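Please look at the sequence and the 3D model before reading on.

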Amino acid sequence: MAYLIPTVATIAVLLIITANASSAYRTATITTTTVDETNPTGKIMECRSDVDKAKLNDCALYMLGSKQDYVQRCCNEIKRVGEDCQCDAPKIVSLKLLEKGMVELDEFDGVIERASFISSSCGLRQRCRGRSIFF
């Protein structure tokens, strides 16, 4: 079981990267805006590193089911993440919880729901329009 979680998490990350890359390509085609997504894996890894440095502990605690008052603390933590990575921060934290075995697959829907709530509470939905905040 312990070996299954990192495998599932890796597959989830690859699916997200694939979805983001294809979504960006379609957006660029429709709006004729040039979007440089030549290295989406590198961007995700850069953001993961940025999220690690910011230590989003209150975000993780909220996603694991802690009290509502952790949401504002989480928003303050997300502000410490580089602006280019703030849209992905809730997603990255939730995936890290899964990878570390701190949440089981059957509980992951609740974590995603809380990540979505963080995105709206911190104003990320408005700033991150057109980017995939959710899974």
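## Disulfides and salt bridges

At 3% relative accessibility, C85 counts as buried (buried means under 20% relative accessible area, exposed over 50%, and partly exposed in between, with a 1.4 Å probe and protein chains only). The model is a predicted one, in which local features need pLDDT of at least 70 and side-chain atom pairs count only at pLDDT 80 or more, while totals for chains, interfaces and linings use all residues. Residues are numbered from 1 along each chain as its sequence is written, and side-chain values use heavy atoms, with hydrogens and water left out.

C85 is joined by a disulfide to C47, and C47 is buried at 0% relative accessibility. A disulfide is a covalent bond between the sulfur atoms of two cysteines; here the criterion is a pair of cysteine sulfur atoms within 2.5 Å. By this rule the count comes to three disulfides.

| Disulfide | S to S distance |
|---|---|
| C47 and C85 | 2.2 Å |
| C59 and C74 | 1.9 Å |
| C75 and C122 | 2.0 Å |

The link of C47 and C85 has -75 degrees about the S-S bond and is left-handed. C47 lies in helix α2 and C85 in the loop between α4 (70–78) and α5, so this pair ties together parts 38 residues apart in sequence. Helices are DSSP runs (H or I, at least four residues), numbered from the N terminus.

For C59 and C74 the torsion about the S-S bond is about 95 degrees, so that disulfide is right-handed. C59 is in helix α3 (residues 57–63) and C74 in helix α4, 15 residues apart. Both C59 and C74 are buried.

The link of C75 and C122 is left-handed, with -90 degrees about the S-S bond. C75 belongs to helix α4 and C122 to the loop between α6 (108–121) and α7 (124–127), so the pair ties together parts 47 residues apart in sequence. C75 is buried, at 5% relative accessibility.

How many salt bridges does a search of the whole structure find? There are three, a salt bridge being a side-chain nitrogen of Lys or Arg within 4 Å of a carboxyl oxygen of Asp or Glu. R48 and E99 meet in one of them, at 2.8 Å from N to O. R48 lies in helix α2 (residues 40–54) and E99 in helix α5 (residues 89–99), so the pair ties together parts 51 residues apart in sequence. R48 is buried at 18% relative accessibility, whereas E99 is partly exposed at 28%.

K96 and D52 also form a salt bridge, 2.0 Å from N to O. This pair links helix α5, which holds K96, with helix α2, which holds D52, 44 residues apart.

Definitions and conventions: Helices (H or I, at least four residues) and strands (E, at least two) are DSSP runs, numbered from the N terminus.
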